[in-house]
Amino acid sequence: MTQESAVPVVSGTPEADAPTLADRRRQARKAVVAASIGNGLEWFDVIVYGTFAVTIAKLFFPTADETASLLLAFASFGVSFIMRPLGGILIGRYADRAGRKAGMLVSISVMFFGTLMIVLAPTAATIGVAAAVIILVARLATGFAAGGEFGTATAFLIEYAPNRKAFYGSWQVATQGAAILLAGLFGFVLNNYLSQQSLESWGWRVPFIFALLIGPVGWYIRSKMQDTPEFLTMTPSASPLKETFLENGKRLWTMVGVVALGSVSVYIALFMPTYAIVNLGMPPAGAFISTLIFGVIMSVGSPFIGRLADRVGPARVMTWAAAGTLLLGVPLFILLNQSPTLLTMVGVELVLGVLATAYFAPLPAIMSAMFPVQIRTTGLSLGYNIGVTVFGGFAPFILTFLISTTGSLLVPGYYLVAIAVLSFASIMVSRRVFKQR
């Protein structure tokens, strides 16, 4: 296996046999539903935890210092990302050997049990430090599951698509946007209509209970799908992990750099309610509106960006978005700090949401194009999860710590721009070296 053996999947030509193409399109639509419902569940769980970080910090990581409690809550959020590469390795390797469907069933099952632990966890007031341990174990489980989800679900979507690979792959990002939207909606409603006592006693558990109800439905839908045509006709790799690192290592590390900005953009959006409440003194209900806006833009806009990427190329669209982030990242946060109002917050989130969606929506397509089918899930899982873990997972913790120590409220803007520089360079490598368009 050589690096040149990677099969391009970004663009496709409709087959001459119209009935066969129509059948493949029907199967692709079913694949969107099967992949999306599980992907949405897993991201909803991740994002809800960050959305309610202030409440969770108080209940499970109580200290005399509120900043220390928040840091502990975000640390437990970040620790879960340490499990992502492991989940990507084990579930990704399993999916390259046993099938994409098998890998997706494993990831959604583990996520369900991790979420169940959070729903049932007693608070520190009831069992002391053991409460924090339960939350930590639950986050490790959900991190492991999420580590295997992106690679398996993305490969499943892309390999079922008869053409318009970027469009079908963009539904991965659209469901993440829908998860952000739902998390923001829960945050807005619960913070606006519940008393602080009710929110802390039971209200914060409601979105996790909602996630539990979706889990079995997602598992059932996935269990009824057939595996992808590409997987069923290929010869499995004897060692997907070895082939990914040794024979496709340059592709892997380029994708880690490409993933960085997509991940950081989402997690800065996740951090924004906490930033608005704690650092800018905005009311909680108003702060969560920013999450709603970001979620709407990403869920609605991703398929349109996917269509554009099929026409002009995923790498080209992502280059434009990275350049926009470089130019606007710091000025947006300067504006927000000078005028910390709801109207300004809405405007900033609109711009950040458009930039993040334009960058993130073509990402599944370009990543799938970089790896051959026999190691695609392993390559996708590792490239995505290393990038998310290193640059995105600890972003809320890093930002909270830097703001606390430096006193600068522009830290999120500087961090966003620094990552944009890295990702811009990585995209250029993918275009010049690996001929991604």
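Colleague: At what distance from the ring centre of F167 does R307 lie?

Modeller: In this predicted model, R307 is placed over the face of the F167 ring. The distance to the ring centre is 4.5 Å.

Colleague: Is F167 buried or exposed?

Modeller: A residue counts as buried under 20% relative accessible area. For F167 the relative accessible area is 9%, so F167 is buried.

Colleague: Which kind of aromatic pair do F167 and Y168 form?

Modeller: The ring centres of F167 and Y168 are 5.4 Å apart, and the angle between their planes is 70°. Planes over 60 degrees apart count as edge-to-face. Y168 is itself buried, at 4% relative accessibility. The pair of F167 and Y168 is therefore edge-to-face.

Colleague: How many aromatic pairs does a search of the whole structure find?

Modeller: A pair of aromatic rings is described by the distance of the centres and the angle of the planes. One of the pairs found is F44 with F210, at 5.6 Å centre to centre and 70° between the planes. The search of the whole structure gives a total of 13.

Colleague: How many residues apart in sequence are the parts that F44 and F210 tie together?

Modeller: F44 belongs to helix α1, residues 18-51, whereas F210 belongs to helix α9, residues 206-223. Their pair therefore ties together parts whose separation in sequence, in residues, is 166.

Colleague: Which residues do ring pairs link into a cluster with F44?

Modeller: F44 and F210 form an edge-to-face pair. Ring pairs link F44 into a cluster with F186 and F210.

Colleague: Which residue has its charged end over the ring of Y49?

Modeller: A charge sits over a ring only within 6 Å of the ring centre. Here the distance from the centre of the Y49 ring is 4.5 Å, and the residue is R139.

Colleague: Which element gives the most to the lining of the largest pocket?

Modeller: The largest pocket holds about 580 Å³ of space, and 28 residues line it. Among the elements that give two or more residues to this lining are α2 (53-60), α3 (66-98) and α12 (249-279). The greatest contribution is 6 residues, and it comes from α12.

Notes
Residues numbered from 1 in each chain as written. Predicted model: local features only at pLDDT ≥ 70, side-chain atom pairs only at ≥ 80, totals over all residues. Heavy atoms only, no water. Phe/Tyr/Trp six-rings, centres within 6.5 Å; stacked < 30°, edge-to-face > 60°. Helix = DSSP H or I, 4+ residues; strand = E, 2+ residues; numbered from the N terminus. Buried < 20%, exposed > 50% of the residue type's maximum accessible area, 1.4 Å probe, protein only. Lys NZ or Arg CZ within 6 Å of the ring centre and 35° of its normal. 1 Å grid on protein atoms, 1.4 Å probe; cavity = no way out; pocket = protein on both sides within 12 Å on 5 of 7 lines; lining within 4 Å. Points joined across faces, edges and corners; volume = space filled by probe spheres on them.
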